[in-house]
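Good morning, and thank you for the time.

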Amino acid sequence: MPTKAAYQKFEESPDLEFDYFLTEKLGWGSVERMRRGMPAAEWQAWWVYFGRKAQRRQVAAMTAGG
């Protein structure tokens, strides 16, 4: 079972959590491999892309509910 510290790393670092999310989504296999193979500018573009996508879902959910 993971320690509290392991969970806390994700709580304290949205970037770390996003690294794992992006690695899984793109099928890179490991976070280390993704970090070595992806330029920082592309990583940042993915961060913005998924953030905007989440925003659109939230707006749609609020619009549908109201």
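Ring pairs join Phe 18, Phe 21, Trp 43, Trp 46, Trp 47, Tyr 49 and Phe 50 into a cluster. Rings of Phe, Tyr and Trp, the last represented by its six-membered ring, count as a pair if their centres lie within 6.5 Å; planes under 30 degrees apart are called stacked, those over 60 edge-to-face, and the rest tilted. Please note that this is a predicted model, in which local features need pLDDT of at least 70 and side-chain atom pairs count only at pLDDT 80 or more, while totals for chains, interfaces and linings use all residues. Residues are numbered from 1 along each chain as its sequence is written, and side-chain values use heavy atoms, with hydrogens and water left out.

By the ring rule, the count comes to 10 aromatic pairs. Consider Phe 18 and Trp 43: their ring centres are 5.4 Å apart and their planes stand at 85°, so this pair is edge-to-face. It links distant parts of the chain, with Phe 18 in helix H2 and Trp 43 in helix H4, 25 residues apart. Helices here are DSSP runs (H or I, at least four residues), numbered from the N terminus. Both Phe 18 and Trp 43 are buried, where buried means under 20% relative accessible area, exposed over 50%, and partly exposed in between, with a 1.4 Å probe and protein chains only.

Phe 50 is buried, at a relative accessible area of 15%, whereas Phe 21 is partly exposed, at 30%.

Which residues make up the largest nonpolar core? There are 6 in all: Phe 18, Leu 22, Met 34, Met 38, Trp 43 and Phe 50. The elements giving two or more residues to this core are H2 and H4. Such a core is a set of buried Ala, Val, Leu, Ile, Met, Phe, Trp, Tyr and Cys residues joined through side-chain atoms within 4.5 Å.

Leu 22, in helix H2, counts as buried because its relative accessibility is 0%. Leaving aside neighbours within four places in sequence, Leu 22 is in contact (heavy atoms within 4.5 Å) with Met 34, Met 38, Trp 43, Trp 46 and Phe 50.

Is Asp 19 buried or exposed? At 8% relative accessibility, Asp 19 counts as buried. With neighbours within four places in sequence set aside, its contacts are Val 31, Met 34, Arg 35 and Trp 43.

Finally, the largest pocket has a volume of about 160 Å³. Its lining consists of Pro 14, Glu 17, Phe 18, Phe 21, Trp 47, Phe 50, Lys 53, Ala 54 and Arg 57. Helix H2 (14-26) and helix H4 (40-65) are the elements that give two or more residues to that lining. A pocket is an open set of points on a 1 Å grid over the protein atoms alone, where a 1.4 Å probe fits, with protein on both sides within 12 Å along at least five of seven lines; lining residues have an atom within 4 Å of a point. The volume is the space filled by probe spheres set on the points, which are joined across faces, edges and corners.
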